[in-house]
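The structure is shown first.

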Amino acid sequence: MITRKRLAAGVCALLAALTAGVAFPAAAVAGEPTGGTAPQVDLVLDVSGSMRTADIDGGTRMAAAKRAFNEVLDATPEEVQLGIRTLGANYPGDNQKTGCKDTAQLYPVSTLDRTEAKTQVATLSPTGWTPIGPALLKAAGDFTDSASSKRIVLISDGEDTCAPLDPCEVAREIAAKGVGLTIDTLGLVPNTKMRRQLSCIAEATGGTYSSVEHADELTDKVNQLVDRAADPVVTPVATEGAGTCATAPTLKSGLYTDREEFIQQRWYRVDVEPGQELRASVSVGADRAVNPSYGVLLRAVTVHGREIVRGEGAGNGRTDVISTGLRYPKADRDDASAETVCLQVTNSFSAASGVKTTPGLPLELTVDVVDGPSNASDVASFGLGRGWWLLGALILAGFVAGLLWGWLSRWRVAVWRTN
């Protein structure tokens, strides 16, 4: 019995040692972070009268927002400077002209004093109008020019009530100034009209829109957006793919943005030297209502049309972004020359009824050309890449374990027959 336990322990140790000994390659980083001072985030909260509605987990929308803000303030990274701006928090009257000026900076964008910020949040009470457009204009001036990244997180439970100042046009105006400001929007218990408006605001600045119907969701979403501001910022380069490989732009290693119409193909070219490896990935965002069941295809093709490798991703309507990627190593041979690889991006999104198909869906393409492994011809075999090392280790471990188990079984049978 003791011998059996020792053998079993030995097999487990061998498996662990073989598995731990497998080295995985580190992912290459495309692009370089931008410099600057600390990242800055401005939380813009709707405190209009409709925030009294009690339809989030049995409590009011305002109560859910306060709880979320307190938890976010506790979790905000030290390196992030954070501020809070309100809209509709102070004027309770019926004069629209006055109500549409009701936006104030509750806590300035600065190094966070958590106690002071929480104290200010505790004083909020649902009051007035919903001047989203004026609040965004003011919030755009809450940041310092030297910030490494600037992000507004707008939380609202209704559409703007201060027409004709369209908040979507305000967001486009902010984006046109080129100040590097991103606006993310969160809709509390949204309806169709509000979802359309908040999506348009986010789309105009390259931000994201999310709907929220539970307090925990609100906390998680705001935390994610604040944490995202703390990440090193890589500024994507705008490019425009072509309809054919022959006319496609040639890209270097980096991060690129483009737009792709529904069920459209976009082509890009990348030059790969012998001994190098091309790594590419693409993400296509559903920034408007789309039909479920969709996909994205990324192909690496020769200039003569022969497919080299492909990556595919599929979705069913549960996510806002779908991604895929591929790797292509070029063998390092004396007679080899640089090769032009054509990257083709195709999507199978389809617009829901009544949804505009222009502009195209936002597309983000990462291209990285790095030094390839020593034996490039084997890296992409069957799509396993360096996973062959892991597969080989597991096969070896299984073979050794089988031998040990067979020997143990024969020994036990021999002992049984002797007894």
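Ile263 is exposed, with a relative accessible area of 61%. A value over 50% counts as exposed. The model is a predicted one. Ile263 sits in the loop that links strand 8 (254–260) and strand 9 (265–272). Its phi is near 50 degrees, which is positive although the residue is not glycine.

Another non-glycine residue with positive phi is Asp57, at about 55 degrees. Asp57 belongs to the loop between strand 1 (40–46) and helix 2 (61–75). A further backbone feature occurs at Pro359, where the peptide bond from Thr358 is cis and omega is near -5 degrees. Pro359 is part of the loop between strand 14 (339–347) and strand 15 (361–371).

| Residue | Relative accessible area |
|---|---|
| Ile263 | 61% |
| Thr115 | 58% |
| Leu403 | 51% |

Thr115 is located in helix 4 (residues 114–122).

Leu403 is located in helix 10 (residues 387–418). Together with Leu396 and Phe399, Leu403 makes a nonpolar surface patch of about 320 Å². Leu403 counts as exposed because its relative accessible area is 51%, and the cut-off is over 50%.

How do helix 6 and helix 7 lie relative to each other, and at what angle do their axes cross? The axes of helix 6 (residues 167–176) and helix 7 (residues 192–204) come within 8 Å and cross at roughly 5 degrees. Helix 6 is therefore roughly parallel to helix 7, since angles under 35 degrees are classed that way. On the helix 6 side, the contacting residues are Pro167, Cys168, Ala171, Arg172 and Ala175. They meet Gln197, Cys200, Ile201 and Ala204 of helix 7.

For the protein as a whole, the secondary structure consists of ten helices and 15 strands. Of the 419 residues, 43% are buried. Among contacts between residues at least 6 apart in sequence, 76% join residues at least 24 apart. The protein exposes about 21400 Å², and carbon and sulfur atoms supply 54% of that area.

Definitions and conventions
Residues are numbered from 1 along each chain as its sequence is written. This is a predicted model: local features need pLDDT of at least 70, side-chain atom pairs count only at pLDDT 80 or more; totals for chains, interfaces and linings use all residues. Side-chain values use heavy atoms; hydrogens and water are left out. Helices (H or I, at least four residues) and strands (E, at least two) are DSSP runs, numbered from the N terminus. Buried means under 20% relative accessible area, exposed over 50%, partly exposed in between (1.4 Å probe, protein chains only). Contact means heavy atoms within 4.5 Å. Accessible areas come from the Shrake-Rupley method with a 1.4 Å probe; for residues, only the protein chains shown count as cover. Patches are made of residues with over 30% relative accessible area and no salt bridge: like charges are joined within 9 Å, nonpolar side chains (Val, Leu, Ile, Met, Phe, Trp, Tyr) within 5 Å. A salt bridge is a side-chain nitrogen of Lys or Arg within 4 Å of a carboxyl oxygen of Asp or Glu. Axes are lines fitted to C-alpha atoms, for helices over the stretch in contact, and angles run from 0 to 180 degrees between N-to-C directions. Angles under 35 degrees count as roughly parallel, over 145 as roughly antiparallel, 65 to 115 as roughly perpendicular and the rest as oblique.
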